[in-house]
Amino acid sequence: ARGEDEAVRLFLAQLDGMFGSARSGTDTDRFPASRALLSYTLEEWGGAKHVRGGYSYPTVGGRRHRRELGSPLPPLFFAGEATNTAVNPCVHGAMATGDRAAALLLAHVRAEAARPRPDAASRLSSVHAIVSKL
C-alpha cells in the first residue's frame with residue numbers, strides 16, 4: 001500500500017500533466033496543481049464506517065432504478081453518478097447529471113416566473129365568493 005504522501009504526489013502529477021504546459025519555462029505553468037495546492041484531505045473510503053468503499057455500479061435491470069433515483073420532484077432535482085442511466089458510474093457521469101439537474105431547475109424557475117398570478121383584487125373577489133356561500 002502506498003502512503004498518503006505518495007498518493008497525493010501521484011494525483012498532483014496527473015493533474016499537472018493534464019493542465020500544465022511542458023513548453024513553459026516556469027514551474028508555475030508546468031506544475032499548476034502542485035504549485036497551487038495549499039492543503040488536502042485524503043479520505044480512505046474503504047475504511048469509512050458508513051461508506052465502506054461505496055460506489056454505485058450497473059446491475060441487470062438496474063437502469064430503471066437509476067432513472068427513478070434521478071427523477072425530479074420539483075422543486076427538488078437530483079444529481080450524482082448513481083442517477084446517470086447513460087454512463088457507467090464515474091465523475092463525468094456525476095457532472096453530466098449535475099448539468100441536467102441545473103437545466104431542469106432553471107426551466108422550473110422560468111416556468112414558475114412566467115406563470116400568471118392572480119392580482120390582489122381577483123384573489124379578494126374569490127375569497128368573497130367563497131365566504132358568501134357559507
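Which helix is R30 found in? I looked this up before anything else. R30 sits in helix α2, residues 27-30. I note that the model is a predicted one.

**R30**

I checked the exposure of R30. Its relative accessibility is 33%, so R30 counts as partly exposed. I then looked at D16. R30 and D16 are 14 residues apart in sequence. Their C-alpha atoms are 6.8 Å apart in space.

**The chain as a whole**

The protein chain has 6 helices and 0 strands. Along the sequence, the pattern reads α-α-α-α-α-α. How much of the chain counts as buried? I find 13% of the 134 residues. The accessible surface comes to about 10800 Å². Carbon and sulfur atoms hold 60% of that surface. I also looked at contacts between residues at least 6 apart in sequence. Of these, 28% join residues at least 24 apart.

**Helix α1**

I checked the length of helix α1, which covers residues 4-19. At 1.5 Å a residue, its 16 residues should span 22 Å. The end C-alpha atoms are 23 Å apart, which agrees.

Which residues of α1 are buried? They are V8, L12 and D16. I viewed the helix down its axis. The buried residues of α1 fall within an arc of 75°, so they line one face of the helix. On the other side of α1, I find Q14, G17 and M18 exposed.

**Salt bridges**

Side chains of opposite charge can pair when their charged atoms come close. How many salt bridges does the count come to? I get 3. I took each in turn.

R9 forms a salt bridge with E6. The closest N and O atoms are 2.9 Å apart. Both R9 and E6 lie in helix α1. They are 3 residues apart, about one turn of the helix. I checked the exposure of each partner. R9 has a relative accessible area of 45%, so R9 is partly exposed. E6 is partly exposed too, with a relative accessible area of 30%.

E68 and R64 meet through their side chains in a salt bridge, with 3.0 Å from N to O. Where do these two sit? E68 and R64 are in helix α4. Being 4 residues apart there, they are separated by about one helical turn. E68 is partly exposed, at a relative accessible area of 47%. R64 is at 47% relative accessibility and counts as partly exposed.

E112 and R115 also meet in a salt bridge. I read 3.5 Å from N to O for their side chains. E112 has a relative accessible area of 29%, which makes it partly exposed. R115, at 45% relative accessibility, counts as partly exposed.

**T97**

Is T97 buried or exposed? I find 2% relative accessibility, and the limit for buried is under 20%. T97 therefore counts as buried. T97 is found in helix α5, residues 91-114. I listed what T97 touches, leaving out residues up to four places away in sequence. The list is F78, A79, G80, E81, T83 and N84.

**T85**

I moved on to T85, which lies in the loop between α4 and α5. T85 has a relative accessible area of 24%, so T85 is partly exposed. What does T85 touch, not counting residues up to four places away in sequence? I find R63, R66 and R67. I also looked up G70. T85 and G70 are 15 residues apart along the chain. Their C-alpha atoms are separated by 9.0 Å.

**A nonpolar patch**

I finished on the surface. Which residues form a nonpolar patch there? They are L37, Y40 and L42. Together they have about 240 Å² of accessible area. I placed Y40 in the loop between α3 (32-36) and α4 (63-69). Y40 counts as partly exposed, at 36% relative accessibility.

Definitions and conventions. Residues numbered from 1 in each chain as written. Predicted model: local features only at pLDDT ≥ 70, side-chain atom pairs only at ≥ 80, totals over all residues. Heavy atoms only, no water. Expected span 1.5 Å × (residues − 1). Buried < 20%, exposed > 50% of the residue type's maximum accessible area, 1.4 Å probe, protein only. Arc of directions from axis to C-beta. Patch = residues over 30% accessible without salt bridge, like charges linked within 9 Å, V, L, I, M, F, W, Y side chains within 5 Å. Areas by Shrake-Rupley, 256 points an atom, 1.4 Å probe, with all protein chains shown as cover. Salt bridge = Lys/Arg side-chain N within 4 Å of Asp/Glu carboxyl O. Contact = heavy atoms within 4.5 Å.
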